[in-house]
Each structure stands twice: as structure tokens, then as C-alpha cells.
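Please study the sequence and the three-dimensional structure shown here before reading on.

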Amino acid sequence: MVHYKIQVNGIVQGVGFRPFVYALATGNNCKGSVINNTEGVTIHLEGDDQSIQQCIDAIKNSPPPLAKIIDIRITKLPLNGYTAFTIEESQITTCKDTFIPPDVAICNECHDEFFDSTNRRYHYPFTTCTHCGPRFSIIDDIPYDRANTSMRSFPMCSNCLAEYRNPLNRRFHTQPNACSVCGPEYRLCDSSGKTILTQFDAIMEQVKALLKDHIVAIKSVGGYHLACDARSDRCVTLLRERKNRPFKPFAIMVSSIEFLETFCSVTAREKELLQSRERPIVLIKLNKTIFSTHVAPHLTYIGVMLPYTPFQYMLFHNNRESIYIMTSANIADEPIIYKDNDAFERLHTIVDYFVTYNREIIAHTDDSVMYVVDEHPFFVRRSRGYVPAPLFIKKTPLHILATGGDLKNSFALARNNFVIVSQYLGDLSTPWGNDLYRKTIAHFSKIFDFKPALVVSDMHPGYFTTLFAHELEEHGVQTIATQHHHAHIASVCQEHGVSQPVIGIAYDGTGYGTDHTLWGSEFLIADTTTFTRAAHFDYFKLPGGEHAINNPWKIGLSLLQCTGIDSNNFFTNEKEKFLVEEIIQKNINCPLTCSIGRLFDGVAALLGLAHHISTEAEAAMLLEEEALKAYSDTCVLSIPISNSMPYGINTTWLVQEIVSMMDKGIAPATIAMRFHRAIADVTVRVALMLREQFKIHSVALSGGVFHNRILLHCIVEGLRKNRFDVYTPLQLPCNDGGIALGQIAIGRDTYNGH
Ligand code: ZN
Ligand code: ZN
Ligand code: FE
């Protein structure tokens, strides 16, 4: 007989770890105990050596589906003389080194129970078990016990309690365990918030009918969705009008892969993602439009997701060919609405009905968004299903908060050897966004027992996240400001554990440069402490500053002016044109930029694809879409590069070429494609020059412009052909949602260097 103490760390709470150990121990005739504590799970096993070894192997090799083991420590102890194996009550110790699982889709077993008319959970819409359902969104504090979740107001009935207490039941210690007798319930309300129906099946029948002709707000896992029939032009245009959202594509929800394949081509990797328990929105190639063209105007790729809650499955019950718009309920650029009061107060002008339920959402999450290029998945947005799973890093000596950027914000916190990147917080330009940012940082500080000693921000003086860092500085916290593109590249290095310098290529919308200009086409020789700017596209003027983002025609005009080309053939409104030409000539509020994102905007305008836009990257999306039509055109324009550091890539030359192609009557699609290929080509050539000069073979790519499939594919292919080691962001988005991890790495390594 021997006695071992086994300490397991990682995602081991709320995932059925203790009943798993219980079944294992009793099955192998071992005695002892298992207990959750704030460091993870502690197991005592007493039995013969071989049985204990079998238990340890099973813990390591086949833990429950949602568990993620980071570390197991085994110590031999003197015999204790246990008489049974027991599961003990949670115990709180000082260090909260435990993790909270993300919210995942309903599992197959629960799904089957939900649709089984003989089961006591038949059509009970909050059916869940240890292997599925909400977690992060309902947790208020740890340890993860019912009293620390928004299930605390639903005492279990005797049947649920029996399941909850039975270590051999799938619902043992399932904190959100509930049934129709004791659990939360849905209700249907009109736009004034008055309850119309409370019986679930009746609600479902009514909602399915209403969705044919109305817009309905539906409370989901991490917030409210706005839903309507995607086949109805009237509904979709009405939603666009009411939301004041003319272009930005909506995501759709469909019943199944089989149905999706009747109008889209779906790759193996895409299917896998769509059906994964994380259930992200995946951008899928459309073959034919069988729904309203207003869902995603002019775009070939459309955001699709499959149902992940019982309610959503019911929407498709006897209704397999329905297509619903499911979009985050928010106002303009504000974050998703997830509190019931806010929903009723702020959405009543947009929706005709509300479907809600009486359990509070504590942490909001939007649907995650992914795309697949060359069968590799990439994030556009990392939120529901993935957050707050940790990323593991080299140990940091102190708690670090990285405040992130101001667009597509996610912040991150780091302590010991892990980083938690927050859910998507979106645009921080509104008071509502700022308020949620503060609240979410406070919430994370509580649930991860976190107190920053070092705060890392962007160096942009106007970012809310920079000002937030200054506030903490006034309370005695140390601060470090990082250059935006350095953080982009450091994030990739950190994710892949690359500590040697790399050739970092950040193709981005904007980022504040060390010379106070707006950078965004950066070749940086960088590691996680420092960088040298090695090359970038030549500067051009951004008339009206960052506001020009909404007016690509102004950027187009500026490109022509820099190039000295007569603008007579462009733009119709002479008065507006005259004004902008004047501010460019007199250099009034015309900051310099070398942003590739803005170059895309300007070229899209020159080609007549985008004049005014309503959402960031709209012009670039349209330019990519145009290029896809001429994908087979392989002509490569070789953009000249200057011969001293930092090397300048000749923007003027490129614009001249574009205009001369237009003069020759070459189709916009062909020009758009040649523009993409020219950028990919020059990117590889600059990388080759830098390899020659610095003897560095690794390239890290980041920045929002890499959401462009053509560019990503061509650049990665070109670099690999030339035998570079190419690193791209995989676990985080390449846009500003990924920079917080880079800020953490820079903060940690700069601090360590002191
Ligand atoms: Zn389940
Ligand atoms: Zn119950
Ligand atoms: Fe950026």
C-alpha cells in the first residue's frame, strides 16, 4: 500500500473532474479523497502501487472533455488509513491559480434528452451537464460553486439535487444544473417589455411565426442577439435601417452543415470549426444567394454559425431550411447588450419583440469569428467559447495588466506563467464602451485574484486605454508604453515562443509611431524587448487626419496629389474636392501616414469601389472582393525600394502604375488583383533584403490587414518558397484584439531587463 498526493492544475473545475477521479479511484479500488481548491484539484490516493499508477495515467491521458491539465505534481506521503474514497467540499486557499472554463455548446447527450419526449428534461431549454453549457458568462467569483454563479437564485428541486450529489451522474456538481421545476425560464415580451407568453413550447411556436416578419431580440449565452428571417428583404433592410448599419455584413445561423452545403462550399476545416463545441461564426464561401442580398452586400464570404443552445435548436425544429440573421445586439459601435434592463431600455426602437430569461448574464461575450485560409483557422474575434482560457508563457515575476488598443479591444492580464486575454470589448470610443471596459477589468481582477503591479499600454496619447494606464499610474502602479506595431509582432513571438529577433511585418490600419506619425506598414527587426524600424511604405498625407477613414475618396485624392497626377477624372463633387485639395496643398490637418490599410482605402476609391464608408475596413473588403474576380491574373508589378534604412517602398510609383492601368482601360478587378500581388511581391523582396542584412530567417506577420485572404495567402506562400520560417497569430486575432499579449511580453521582458 502507498499514499500519494496529486495536485492537478489547469482547467479542472466545473468540468467534471472530481466525479471522474471518483469513478477512477473507486473503479481501481483506491481510497482517499478529492477536493477543489483555488489552486485546482487535490487528490489523495491510497492503494496498491499498480492501481494508483493506472489512475494517474488515466488522469494524464483521458481527462473529461472540457478539462485542460497544465501541471500535475505528485508527492508520496505516509499512509493515512483511508476507509473510503470521498469527494470533499471546496476549500478556499490563498492563491487563485485556477481557471474558469469558457461557455460551450450543448453536448450531444443533453441535446438528445432535450428532444426525448420521455425524458424529464424534454423541451427544458436550460438543459446542461458537466460537459456543456454556460460557465464564464454566469460566474461571479471562484471557487466555481453554485453560490458564486447567477444560478444562486434557483435552489435545486429534489430530482436535480439527487443528480448533483451523485458522483456517478453526468450532472454531479454541475453548477447550472436545473429542470423545469426549479430552473430559469424564458418569456416572450412585446417591445414595451410586457410579458406575452411564458410557456416554452408556446413561445417557440410564436417566435418562429414572428421571425418571418419581425425583428426579435433574443437573450443568448453572452448577450442579446438581434434575429430576423434572412430570407426576407423587408426584414433585413428594416434591421439595417433601424440599426443604422448600411454595409457591415450580418452573420447567419442555419440548422446544419448539410443544409449549409446546399448554398456554400465548406472545407473540412471549416466544418470542424462550425461543429466544434466553441461554435464560432466561420466565414464561409457563398455559392448562391438563397437569402436576402442585404445580409452581406457585395461579399463572397459570409459569417455562418450553427445552433449552440437548446433555444436555438428549437428555432430549427421542423424548420430545417430556415436561415436567421443572428447579430450582436448593440447600438452603433457600442458593446453587446447583455443586461435585461439595458435591452428593454435601449433596443425597443430596433426590435418588435424580446425573448428573455430570468438568469443574469454576468460576463458578456460576443460570438467568436474565424476564417480559414489554406486550411488554417484564424481569429477575427476571440470571445465566446474561447475566453477566458489561459495562454501559457514564460513566468512573469509580477502581475501585469496590458490595456490593449482602442479598436477591437481585448485587454490581458498575466501572472505566474499564464495570460488571460479578455473577451472582445470592441470600440472604446463611447462612454458605454469605456464603462464596460472598467467593469470588465474589475471583474477579471476579482475572478483571477489579480492586482496589477505593472501596466502596459499603447503609446498613442489619445487612446482611452493609455489614459486608463495613467490613472493607475497615479495610484502608484508602474507603467510602460509600447509602440503599437511592436506589440503586434511581440504578440506573435510570444504565442510561438520565439525569443530570437524576427523580421516582423505589421500591415495595419493605424498605429502611433515613435516619430508621432501614423505607422501601418512596418518591417521591424524585433524581439519582445526592443525593435528597429527597417522598412515601410512611403508616407502620404491623410487629409483631415484619422477621420479620413470614413472617406476613402479623400485618401484617393491625396494619393493622386502626392503623385502629381491631375485629378480631373476623379470624383464628382467639385466643391468638396476643391476643399480637400486645398487642405492637402496648405498642409492643414494632414498628418503623414504609411498605413497599408489606408493605402487600400485610397486605391479602392481610385477604382471607384468605395467613396464614403460606414464601417472600418469596408473599402479594403470591397477591393479584395474585386480582386477575387481576377484571381487568375498573375502579372506582378515590381515596386521600387529605396536603398537606405529604413527602406522606403515607393507608394507614389504604385499609384502611378494604377492610374496608368486605368487610363489604358484595364478592368478594375485586374488592377485590384495586380495591386494585391505587387504588395505581396514587395513584401517578400524586402524580407529577403533584411535576411541578407541581419541574418534572420524568421518572419512574424501581424496587423488587421492580414484578414485579407489574398494577401495572407500570397505573402505566406512567397515567404515559404524562400525558406523563411513564417509565424502568424493563431490563438489570437491578427488585429488589435491580439496586441495585449504582445504588450504583456514587452512589459515582462523590459521589466526583467531592468
Ligand atoms: Zn451536456
Ligand atoms: Zn430541478
Ligand atoms: Fe493594429
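The paragraphs below describe metal sites, strands, a sheet and a single residue in turn.

This is a predicted model, in which local features need pLDDT of at least 70, side-chain atom pairs count only at pLDDT 80 or more, and totals for chains, interfaces and linings use all residues. Residues are numbered from 1 along each chain as its sequence is written, chains are lettered from A and ligands numbered from 1 in the order in which they are written, and side-chain values use heavy atoms, with hydrogens and water left out.

We begin with the metal sites. Which residues are the protein donors of the zinc ion (ligand 1)? They are Cys107, Cys110, Cys129 and Cys132, each through its SG atom, at 2.3 to 2.4 Å from the ion. Donors are N, O and S atoms within 2.8 Å of the metal (3.2 Å for Na, K and Ca); water is not among the atoms, so sites may look incomplete. The arrangement around ligand 1 is tetrahedral because the four donor atoms subtend angles of 104 to 118°; four donors count as tetrahedral if all angles lie between 85 and 135 degrees. The spacing of these donor residues in sequence is C-x2-C-x18-C-x2-C. Cys107 lies in the loop between β5 (85-91) and α3 (108-114), and Cys129 in the loop between α3 and α4 (158-165), so this pair ties together parts that are 22 residues apart in sequence. Helices (H or I, at least four residues) and strands (E, at least two) are DSSP runs, numbered from the N terminus. Cys107 and Cys129 are buried, a term that means under 20% relative accessible area (1.4 Å probe, protein chains only).

We turn next to the strands. Strands of a sheet pair through backbone hydrogen bonds, either parallel or antiparallel. Five of the five residues of strand β15 (residues 353-357) are buried, so β15 is largely enclosed by the rest of the structure. Tyr353, Val355 and Tyr357 point one way from β15, and Phe354 and Thr356 the other way. Strand β6 (residues 186-190) runs antiparallel to β15 and is joined to it by five bridges; two strands pair if DSSP finds at least two bridges between them. Leu188 stands opposite Val355. Strand β8 (residues 216-219) pairs with β15 in the parallel sense over three bridges, and Val216 has Tyr353 as its bridge partner.

Another part of the model is an open sheet of four strands in the order β19-β18-β20-β21, with mixed pairing. Its edge strands, β19 (412-421) and β21 (478-482), each pair on one side only. Strand β20 (residues 454-458) runs parallel to β21, with five bridges between them, and Val456 is the bridge partner of Ile480.

Where is Ser521 placed? Ser521 belongs to strand β23 (residues 518-526) and is buried, with a relative accessible area of 0%. The side chain of Ser521 reaches the backbone nitrogen of Phe537 at 2.9 Å and the backbone oxygen of Cys594 at 2.7 Å.

Key. Tetrahedral: all angles 85-135°; square planar, octahedral: opposite > 155°, others 65-115°. Buried < 20%, exposed > 50% of the residue type's maximum accessible area, 1.4 Å probe, protein only. Polar contact = N/O pair within 3.5 Å; in protein donor to acceptor, adjacent residues only side chain to side chain.
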